[in-house]
Amino acid sequence: MTEEQAAPSWERLKELGPLTAFFRTAWNVIAGPVRFFEALPARGPVIPAILFWALTTLPPMVFSGIQANSFLKEVFSMTMTAPRPGYLEIPWWVFTVAAPLLQFTCLLGGLAVVHMLLQMMGYDRGGWSGTYRAAGYAS
């Protein structure tokens, strides 16, 4: 199998189309994770893997942001009987935007730590791009 054949379906968007490529990649990861990650080329484009991560995690993160906003409104309404001077009501979109950004920042930070540990143990076969590619598709 050549390296292009081993590339995930998601990295062949032009050939397969976005829906087919997305669902085929998701199915390959779910149905055979060992086979998928062993065949994943260590070196390759990082952006498609990050986009795959974004597509799989943004919908739940937006929902979580909306839920966090509702939860905080409830907490604030229980603790305050009347609005106090300086009371700040947080718009709904702040948590909806902040949740995915916070998760992405935590992903990058956590992957930096994981990659450093992999380097120390001698398992960083793909460098930074390999670590980020594997994490993007593992989402």
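Trainee: Why is Phe104 called partly exposed?
Mentor: This is a predicted model, and in it Phe104 has 27% relative accessibility. Buried would need under 20% and exposed over 50%, so Phe104 lands in between and counts as partly exposed.

Trainee: And what about Trp53, buried or exposed?
Mentor: Buried, because its relative accessibility is 6%, and the cut-off for buried is under 20%.

Trainee: Why is the pair of Trp53 and Phe104 called tilted?
Mentor: Their ring centres are 5.1 Å apart and the planes meet at 45°.

Trainee: How many aromatic pairs does the structure hold?
Mentor: Nine. One of them is Phe36 with Phe37, at 5.0 Å centre to centre and 85° between the planes.

Trainee: What makes the pair of Phe36 and Phe37 edge-to-face?
Mentor: The angle does: 85° is over the 60 degrees that edge-to-face asks for. As for accessibility, Phe36 is buried at 9%, while Phe37 is partly exposed at 23%. Both belong to one aromatic cluster, together with Trp10, Phe22, Phe23, Phe52 and Tyr137.

Trainee: Which residues make up the largest nonpolar core?
Mentor: There are 11: Trp10, Leu16, Ala21, Phe22, Ala26, Val29, Phe36, Leu40, Ala49, Phe52 and Tyr137. Helix α3 (18-31) and helix α5 each supply at least two residues, and α3 gives the most, with four. Apart from it lies another core of seven residues, including Trp53 and Leu107.

Trainee: What does Ala21 touch, leaving out residues up to four places away in sequence?
Mentor: Ser9, Trp10, Leu13 and Leu16.

Trainee: How do you know that Arg133 and Glu11 meet in a salt bridge?
Mentor: Check the distance. N to O is 2.5 Å, and the limit is within 4 Å, so the two side chains qualify as a salt bridge.

Trainee: Why do we say that this pair of Arg133 and Glu11 ties parts together?
Mentor: Because Arg133 lies in helix α7 and Glu11 in the loop between α1 (3-6) and α2 (13-16), so the joined parts are 122 residues apart in sequence. Arg133 is buried, with a relative accessible area of 1%, whereas Glu11 is partly exposed at 22%.

Trainee: How many salt bridges turn up in the whole structure?
Mentor: Two. Arg12 also forms one with Glu15, with the closest N and O atoms 3.7 Å apart. That still passes, because the cut-off is within 4 Å.

Trainee: What makes Glu15 count as exposed?
Mentor: Its relative accessibility is 58%, and exposed means over 50%, so Glu15 gets that label.

Trainee: Which residues form the nonpolar patch on the surface?
Mentor: Val113, Met116, Leu117, Met120, Met121, Tyr123 and Trp128, with about 800 Å² of accessible area together. The largest share, five residues, comes from α6.

Trainee: Why is Val114 called partly exposed?
Mentor: Val114 has 40% relative accessibility, which sits between the 20% and 50% cut-offs. Val114 is found in helix α6, and its C-alpha lies 9.8 Å from that of Asp124, 10 residues apart in sequence.

Trainee: How many helices and strands are there in the protein chain?
Mentor: Seven helices and zero strands. Of the 139 residues, 34% count as buried.

Trainee: What share of the contacts between residues at least 6 apart in sequence join residues at least 24 apart?
Mentor: In the protein chain, 70% of them do. The chain also exposes about 9200 Å², and carbon and sulfur atoms supply 70% of that area.

Notes
Residues numbered from 1 in each chain as written. Predicted model: local features only at pLDDT ≥ 70, side-chain atom pairs only at ≥ 80, totals over all residues. Heavy atoms only, no water. Phe/Tyr/Trp six-rings, centres within 6.5 Å; stacked < 30°, edge-to-face > 60°. Buried < 20%, exposed > 50% of the residue type's maximum accessible area, 1.4 Å probe, protein only. Patch = residues over 30% accessible without salt bridge, like charges linked within 9 Å, V, L, I, M, F, W, Y side chains within 5 Å. Areas by Shrake-Rupley, 256 points an atom, 1.4 Å probe, with all protein chains shown as cover. Core = buried A, V, L, I, M, F, W, Y, C linked by side-chain atoms within 4.5 Å. Contact = heavy atoms within 4.5 Å.
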